[in-house]
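Hi,

Here is the structure I promised to pass on.

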Amino acid sequence: MPLEGHARIVSELTSRGYNAEREAVTQLAAADDPDAALEHLLDEIPDDALVVRSEHVEAALNAVSSSGSSPPTESAADRGDPTPSVSTGTDAPVSGDSATHAPVETEGSEPIERTVDADLRSLEIEGDMTGQSTGTGEYEDFVSVFRDRLERLGSKLRGRVNHRPASAIQDMPGGSEVAMVGLVNDIRSTASGHWLIELEDATGTFPWLVMKDRDYVDLVDELLCDEALAMEGTLADDSGIAFVDSMYFPDVPRTYEPSTADRHVQAALISDVHVGSEEFMEDAWNRFADWLHTEQARNVEYLLLAGDMVEGVGVYPDQDEELDIIDIYEQYEAFSEHLKKVPGDLEIVMIPGNHDAVRLAEPQPGFDEELREIMSAHDPEIVSNPSTVTVEGVSVLMYHGVSLDEVIAELPEEKASYDDPHKAMYQLLKKRHVAPQFGGHTRLAPEEKDYLVIDEVPDIFHTGHVHKLGFGKYHNVLAINSGCWQAQTDFQKSVNIDPDAGYAPIVDLDTLDVTVQKFS
Amino acid sequence: MREEDEQYFQTLESRLDEAFDVAETAKQRGGDPKPEVEIPTARDMADRVENILGIDGVAERVRELEGEMSREEAALELAEDFAEGRVGDYETKAGKVEGAVRTAVALLTEGVVAAPIEGIDKVEILENDDGTEFVNVYYAGPIRSAGGTAQALSVLVADYTRALVGIDQFKARDEEIERYAEEIALYDKETGLQYTPKDKETKFIAKHMPIMLDGEATGDEEVSGFRDLERVDTNSARGGMCLVMAEGIALKAPKIQRYTRNLDEVDWPWLQDLIDGTYYDDAGDEESEDEADDADEESADDGDDAAAEDADDGTESDEPQGPPRVDKSKKFLRDLIAGRPVFSHPCAEGGFRLRYGRARNHGFATAGVHPAAMHLVDDFLATGTQIKTERPGKAAGVVPVDSIEGPTVKLANGDVRRIDDPEDALEIRNGVEKILDLGEYLVNYGEFVENNHPLAPASYTYEWWVQDLEAAGADVQALEDDPRIDLEFPDPEEAVEWAVEYDAPLHPEYTYLWHDISVDAFCNLAAAVAEGRIEQDGDGSVNGNGDDSILVLEHDDAVADALETIVLEHRQREGEDRIEIDDWRPFVRTVGCEPRQAVADGAALEPDPDGRGEEPEREPDTDPEEPTVELERTWTDDDLSERARTWGHEAEGDNAIEAVNEVAPFEVRERSPTRIGNRMGRPEKSESRDLSPAVHTLFPIGEAGGTQRNVADAAKHAETMQDTPGIVEVQVGRQRCPDCDTETFKNRCPDCNARTEPDYRCPDCDERLEPDDAGRVECDRCEVEGTCVEPREIDVNEEFRSALESVGERENAFEILKGVKGLSSTNKVPEPIEKGILRAKHDVSTFKDGTVRYDMTDLPVTAVRASELDVDVGQLQALGYDADIHGEPLTHEDQLIELKVQDIVLSDGAAEHMIKTADFIDDLLEQYYGLEPFYKIDDRQDLVGELVFGMAPHTSAATVGRVIGFTSAAVGYAHPYFHAAKRRNCDGDEDCVMLLLDGLLNFSKSFLPDQRGGKMDAPLVMSSRIDPSEIDDEAHNMDIVRQYPREFYEATREQADPEEVDIQIAEDTLGTDGEYTGFEHTHDTTDIAMGPDLSAYKTLGSMMEKMDAQLELSRKLEAVDETDVAERVIEYHFLPDLIGNLRAFSRQETRCLDCGEKFRRMPLTGECRECGGQVNLTVHQGSVNKYMQTAIQVAEEYDCRDYTKQRLEVLERSLESIFENDKNKQSGIEDFM
């Protein structure tokens, strides 16, 4: 099958579940026989690689030039996946010959009778606060939320340093070695280019100075206000400030071993359907729903929806002019109709997003009775944003992802960008909090505890909101930002955001491998 | 200048001199900061420029140059003078550049605004990377008031002077160039710019700019890249610099280029590239140019282009396809606020009808509204209320004009009446069911010139008709002279007669709004009329038909509707199944029916085919001898031409005017083709300006006076039992007596009464310092600025008691004497408490600069009557008014006189306040300065002829005015030139007056706050006489004629450019002997203070009451869609408020209730980190959901869209979710049943 140009290469790579560096694609396209090179590359590439990098290509090109020809490969099989990893719905299959043994395009595949053994399934919810909102918006509620955050995240840090309370540090003699655990209260640069970070604990605040020539000065770029942190360093002579020697994040242990399912079962992780918007991609959705009925999707038994079921009302000024369905209840009814198209035996879990008709402040409780009634067809689990759902032993932290905007805005591009949304998710995992910074974009509703803390390390972290597809692993935790089902809006066009619309990432719960199905 | 004008100014100036002498004497005696009057008099702009800058010799040079060249050229000429040291006494190069730049800005702003002193902080010389020197100009926020051209030119002058004194060009570093681009984008985001250059454009300018533009940080937000630059002090946006670069250089490049071409020393070749947009590396030139143009025109009305296009369409073919109409513009409806009603939707039928003309209290951004209409809109409009309007400008001040047509209403009893008398309006107001038409809306020609708005089609009015009549060959003069004929309000029969006899269009009084009904409705109406009958109503009234006959139609909803739409007075009697029309003859003829005489008994004539034989029975009282009148329709629907049938603007056949003209025996013009939408803006204002809390004396008492800042309390205050009461530590300036070396904080030595001097010390080495020539105090050794401010213990009790004693007052002379917490001026010089005691006694409070001020909305007036000003002829004669506007000797109170340019009319409130101030001044002179009283006011008539200062915000120059009378309207009426001299127009702007001697005696620069903008709004200089060529040129666009020519009205139908029409405007008389007089008007008004004195907006209590009244009114007004109003109030007021507060709630700051310290996030300790005090939220539940229930109710009641209702529902649930405990829901009573 001839491959022409970069687009084909990228398409082929994504169809096999790979992301690719730009250079790698260029190198591939420039190869004498891009086809062969690509096949070879897919053969050679290490199993754990998710992104095709230029070094992989170089290795593959060397191999091609040495062998002169490329052996046929079956990448999906190599990766222990009997199904080909793409469906374009209407196009002919684009993967290699070997992949066509299971035709996936809608016309070609007969809907199958799905048989599932309900006994094998398990689904548990943790951290759902729907109906548990006890905060009444008092000052004390806010204070206890932040205290709870420090308490719980601090407990992950206190074992690592010999910490002292802020009030005690200033009484220690100058030159002492000190450590502290606290929330970041303030980050500012000094006139001489150093960084002053104020940590706060339950006793007060203490300033920590990060010298601009120290190695970890780069870490300062990653800091957000109100995240929990431990610092170690040396007190200045007057004990008024401490010089940082090391910094610790609550983080996910490098050695973290995720749990997996005992059988081969898959979950589809999607979000941002935006029914009601003029840009809702109904055709793509229908292809997705149809695909779920095919043999290829036989093992997809769970559907996780990370918010923004509908486009909502009044989300931005003059939104009504861009709505296909203006009535919010009709939007949910339409959504429900679309949802009915997926197989009835899917287990569905939904959390709300910022376009949904619930409060914007996080944590967001799940939909109210009226909306639940509308969406009752598949008896979905409707839980709060964020919530953790454990599916056959695999815990999935579902969070809509509003804070990603802030992480991407505040952090340097190489650490978090819209093109690699999963990298921004890594930051949240590292901070063990889904929306650390208070007072910026993210809105907080004070509850008795901080529901936004990532108490237990999840096996999968699933977000949406930014309308970009991206996934990768951070300390073995699979982070997935599902794309969306809404084509580029005028607003997105004006700010040059090109959404990844019409993709469904499918996760093998037994291996945590991801394949991406494309329906647009 | 005419002799009488000169005399007038001399009268003003002699009174000014008189007051000045008194003030000078007083100042020498008292303990004021300066022993002389601190407001210098400027007779002309040159004086103002010199005084505002404080640079000697500028005025003389400006006068020399003024006659020879333009102001811009003079600014460059002066730059040379500065460079060569001919003007100004500067030794440093930086000083020379600074002097030149400030002078240029002052010159270009005519020495009125504060920009030259406040907008330019300093000029310094810095070093380029190659070791050469360059000039850095430091701009500040107030440079905004200079406007783009002056801003841009200041840069050019700086560069020119730089070149002349031999300093090198600025060579920007790359990161600095990038910084400019980032910063301007940031400033635009934060504050907004009129024109925002693109990054490339900014970088291009920055790269080529030969001097460095720098400035103070104005915002909190910081740039993210290009921080901590060596030569840029701040990481925030420098507002002044951004303005100069974007709205100055980038926007006004062509203007600067005009001057650079003539200068050899400076060369800005890059300007051409900037203008052409060729700063891009590649193509795309055109695009950028277009965009620059767009931005240029952004301020112009949306409708402009569209309307212009419309006009083009009209001229394309000889036969227009439809009636000329302006396009709707909805802009004025934006950001509708709860409580401020909409009077008319854009171009809506039933709304205000545009009539051209200028009333004597009109012009200069005002709108003439009939006083009856003001009452009928539930008093929401009052004299001076600002309205946001559809065209020609954006906003206007409302003035009452009763020589235009009033509103037409439908009463609950079915009467449809036009209300031309405000008294009638009040009487029938409660019975008004619907306001069918708001009446006419007077706009003067000059408004269209000023706004560069194409003329909108004129209403057919008397002024136009009478010229048509003359053109048709009638002897108008003879008709006018005929005492039996009222040409403007003729009898119906006369009107018909003239139309037929002279073949002139029908008189506007009987021309109805035929263009507002459809052709179908017209045919239907004509049929109904033909079915109608003529009755004697037996009330004996002669309804202008020569008898007491009326036209009676059968009651029919469609007919009633049509009659209401064409705004014809009639009575609907649904119960009796009749509609009665009094003035029926012109109406009947217009619909193409002919009255025919018939004999009453019916027997003599064949029964008419319509079988109206019953008529005699229904009218048993009718004299059987009298002939009855039959109405015969002379046409059928099919007679109408295709053109008439399809004539329309929005839809085919929606305009019956062509049909009317085909069937009527005379020409019928479009009565009111242009409707003007508007809504209420700000309410009018007339109130004293008080600081909050009010201040009687600028004497510091710290916290000792409590929150009231009560000096008497401070005098008794003691922190602990051990402290002496009244001892308060405050920051004040240290003064030293030059004679006996006593140290004090007062301006006179307490020991020897000599005047003291500030005692400056270096804060580091405590060396005593002397200020240099520029007034700067710097320690040479430590290179820090010296100061005389020190914390000092003051015995407030002692000061207070001795002050009371020295003015001979007792503590019970006033209720409370309020001081200030601390002083904000540089040297912190306190004011003598004595002044405060006397202010408190007369219940006046002071502004930050020591003056007593009264704010009023500005309105123009060019001719007045003694009767409306509450003065008599004698008083006016004493002020130099000898003749009325027709040149007749002034003998009677009702004669109109032309107002002199500096005479002003005070509102009643202002007069009362001025009397109090005058009493205060008299006491001050007697009891403090030991002089004779000056004003000796017994009643307010004594104020007539007294001088005041008028002064606008953001300016630094006061204009002398003279009180000529009083009005009950809550506004300040004055000559438009007086307002323009203060840099105000009358579209709702307000400014203040202060009593002359109060300003002279009590103003001191030493009190002005030591912060940016502190010198704004302070009378640093005063103009004693107005030079019409030195005022805001907006006033020059006012028309000053008695009548607009017929060609003008015809041109409006073409929607011509206003400049194409020849009507004299004020500009035409500039520089002539007539420049101070001859402001004629086209429309009179009975009184300049008709209608309500205060807008209902001010008299209604809570916001809810206002909003209820607003929505209630919207229901009544035909021209208003109440659902749209409700939607807009919810959409633009309630929802943003709810959403904004909810957002603010969930990311709010907190604040310590005790010390006021703010925290970005709630402290984990729970309490204040600074003082341990109680911390609380800044946004509470109460402020978040205060409008929730109201909004839901309004949405329900006014049937808003589901979309709006659902948005509210979603929000309501969000609020519940946040503020209610799920486990402890508020239980209703039903839970217990």
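Let's start with chain B as a whole. Out of its 1233 residues, 53% count as buried. Keep in mind that this is a predicted model. Along the principal axes, the C-alpha atoms of chain B fill a box of roughly 120 × 85 × 75 Å. A compact globule with 1233 residues would have a radius of gyration near 33 Å, and the 35 Å of chain B agrees with that. As for contacts in chain B between residues at least 6 apart in sequence, 74% of them join residues at least 24 apart.

Next, where the two chains meet. On this side, 31 residues of chain B are in contact with 40 residues of chain A. Helix H38 (1122-1146), strand E41 (1175-1177) and helix H41 (1202-1219) of chain B are the elements that give two or more residues to the side touching chain A. H41(B) gives the most, with ten residues. Sorted by class, that side of chain B has nine nonpolar, ten polar and twelve charged residues.

H4(B) has 13 residues and reaches 18 Å from its first C-alpha to its last, close to the 18 Å expected at 1.5 Å a residue. Its buried residues are B:Glu72, B:Ala74, B:Ala75, B:Leu76, B:Leu78, B:Ala79, B:Asp81, B:Phe82 and B:Ala83. What do they pack against? The buried residues of H4(B) pack against helix H3 (58-66), helix H5 (93-108), helix H7 (147-165) and helix H11 (253-260) of chain B. Just after H4(B), B:Gly85 takes a positive phi of about 80°.

B:Glu77 itself has 15 other C-beta atoms within 10 Å, so it is partly exposed; a residue needs 20 or more to be buried. Leaving aside residues up to four places away in sequence, B:Glu77 touches B:Leu65 and B:Met69. B:Glu77 and B:Glu1197 are 1120 residues apart in sequence and 68 Å apart in space, C-alpha to C-alpha.

UniProt, in an unreviewed entry, lists residues 55-82 of chain B as "coiled-coil region". In the model, that span is 75% helix and 0% strand, and its end C-alpha atoms lie 11 Å apart.

Another residue to look up is B:Lys330, in the loop between helix H14 (302-316) and strand E5 (342-344) of chain B. It has 14 C-beta neighbours inside 10 Å and therefore counts as partly exposed. B:Lys330 and B:Val1125 are 795 residues apart in sequence, but 13 Å apart in space, C-alpha to C-alpha.

An unreviewed UniProt entry puts "domain: DNA polymerase alpha/delta/epsilon subunit B" on residues 269-465 of chain A. The ends of that span lie 13 Å apart by C-alpha, and the span is 25% helix and 15% strand.

Chain A also has an open sheet of six strands, in the order E12-E11-E10-E9-E18-E19, with mixed pairing. Strand E12 (381-382) and strand E19 (514-518) stand at the edges with a single partner strand each, so one side of each has no neighbour in the sheet. Within the sheet, strand E10 (residues 300-306) and strand E11 (residues 347-351) of chain A run parallel and are joined by five bridges. One to find on screen is A:Ala306, whose bridge partner in E11(A) is A:Ile351.

Cheers

Notes
Residues are numbered from 1 along each chain as its sequence is written. Chains are lettered from A and ligands numbered from 1 in the order in which they are written. This is a predicted model: local features need pLDDT of at least 70, side-chain atom pairs count only at pLDDT 80 or more; totals for chains, interfaces and linings use all residues. Two residues are in contact if their C-beta atoms, placed from the backbone, lie within 7 Å. Helices (H or I, at least four residues) and strands (E, at least two) are DSSP runs, numbered from the N terminus. Ala, Val, Leu, Ile, Met, Phe, Trp, Tyr, Cys and Pro count as nonpolar, Asp, Glu, Lys and Arg as charged, and the others, Gly among them, as polar. UniProt positions are given in the numbering used here, feature names are shortened, and annotations may be inferred rather than shown by experiment. Two strands pair if DSSP finds at least two bridges between them. A residue is buried if 20 or more other C-beta atoms lie within 10 Å of its own, exposed if 12 or fewer, and partly exposed in between; C-beta atoms are placed from the backbone. The expected span of a helix is 1.5 Å times one less than its number of residues. The radius of gyration is taken over C-alpha atoms; the globule rule is 2.2 Å times the number of residues to the power 0.38.
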